[in-house]
Amino acid sequence: MLLRQLEYLVALARERHFARAADACYVSQPSLSAGIRRLEADLGVPIVRRGVRFQGLTPEGEVVLAWAHRILGERDVLHQELASLRGGLTGTLRLGAIPTALTAASLLTTPFCERHPGAKVSLESLSSRDITRGLTDFTIDAALTYLDDSDLRDVRKMPLYEERYVLLTPVDGPYAPDAEVRWAQIAALPLCLLSPRMRNRRILDENFAADGAIASPAVESDTVAGLYAHLTAGRWSSVISHAWLHMFGIPDGMRVLRITGPTHGPRVGLVTTTHHPEPPMARALLETAREAGVRESLDALLREHLDAQPPQLP
């Protein structure tokens with residue numbers, strides 16, 4: 001059994017198409033098919049359901065795929081360990097992040113690259129479920145996510161910051177002259193919020209309900225960028241996490257207001273596998289995170305924006 005054959009299987013499971021998998025592996029389709037048949041012969045089990053087109057993996061194939069991810073992950077860790085012994089970390093840090101934490105990722109990746117100039121970073125937006133799967137099958141090294149997520153099991157957790165919620169509203173809006181606003185007041189505004197399937201939105205809905213209100217946004221988006229794109233129109237208001245200010249700031253013609261009531265959300269942090277020995281990429285990122293001061297940077301940014309508001313009208 002060759003590592004190359006395992007790479008073929010991983011590519012086929014990912015692409016779900018023989019020709020595309022062959023292209024991803026830089027081989028011909030007959031070579032890829034022959035490699036997988038050889039893998040089946042070596043292991044003595046059918047791996048692929050064959051037909052005119054790719055029809056998926058057999059139950060045995062799913063087991064082999066899980067081990068393929070693990071074996072190839074171990075190979076990558078070995079290369080990283082040897083590279084670090086030669087004087088520097090090389091390779092690619094594969095970092096996943098839930099969409100609402102992507103805005104803070106550069107607070108980690110920038111100092112990581114400065115400390116390890118021979119390493120690269122691949123940052124991918126993933127759901128919490130995909131993060132759990134990626135850590136399990138070694139397709140990512142670490143992830144930024146909510147630490148209280150019930151899907152997280154057998155992982156190391158490092159808290160980075162706690163989401164703090166503020167209102168972004170047009171400078172000519174009804175509450176713009178105020179220093180703070182209640183959740184019930186916000187619910188009456190023309191709103192743009194994230195979609196209900198996202199954890200951030202469900203937390204906001206709980207806060208609205210606690211103040212006896214229900215938010216009915218006119219616009220919903222499944223990305224923070226999509227939400228901000230609407231805010232630039234100067235018509236909508238939105239409740240945002242303070243971490244988003246790091247990437248997007250305050251759009252022209254808008255101001256940020258404190259919210260009375262619950263304004264702290266769940267903890268966001270870095271998660272890695274409990275695999276031993278600890279992969280060098282994950283270890284290096286954790287070391288960077290301990291010194292990055294993510295919480296302090298984001299809290300200072302929020303204070304800066306709040307202090308920079310125009311004076312309250314009489």
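The protein chain exposes about 15,400 Å², and carbon and sulfur atoms supply 52% of that area. Areas follow the Shrake-Rupley method with a 1.4 Å probe; for residues, only the protein chains shown count as cover. This is a predicted model: local features need pLDDT of at least 70, side-chain atom pairs count only at pLDDT 80 or more, and totals for chains, interfaces and linings use all residues. Residues are numbered from 1 along each chain as its sequence is written, and side-chain values use heavy atoms, with hydrogens and water left out.

**Overall build**
- The chain has 12 helices and 10 strands (DSSP runs numbered from the N terminus: helices H or I, at least four residues; strands E, at least two).
- Its C-alpha trace spans about 80 × 50 × 30 Å along the principal axes.
- Of the 314 residues, 49% count as buried (under 20% relative accessible area, 1.4 Å probe, protein chains only).

**Helix pair**
- Helix 2 (residues 18-25) and helix 3 (residues 29-43) have axes that come within 8 Å and cross at roughly 95 degrees. Axes are lines fitted to C-alpha atoms, for helices over the stretch in contact; angles run from 0 to 180 degrees between N-to-C directions.
- Phe 18 and Cys 25 of helix 2 and Leu 32 of helix 3 are among the residues making the contact (heavy atoms within 4.5 Å).

**Thr 288**
- Thr 288 lies in helix 11 (residues 280-292).
- Thr 288 counts as buried, at 2% relative accessibility.
- Its C-alpha atom is 6.8 Å from that of Pro 111, 177 residues apart along the chain.
- Neighbours within four places in sequence aside, Thr 288 contacts Leu 108, Pro 111, Phe 112 and Arg 115.

Terms used. Buried means under 20% relative accessible area, exposed over 50%, partly exposed in between (1.4 Å probe, protein chains only).
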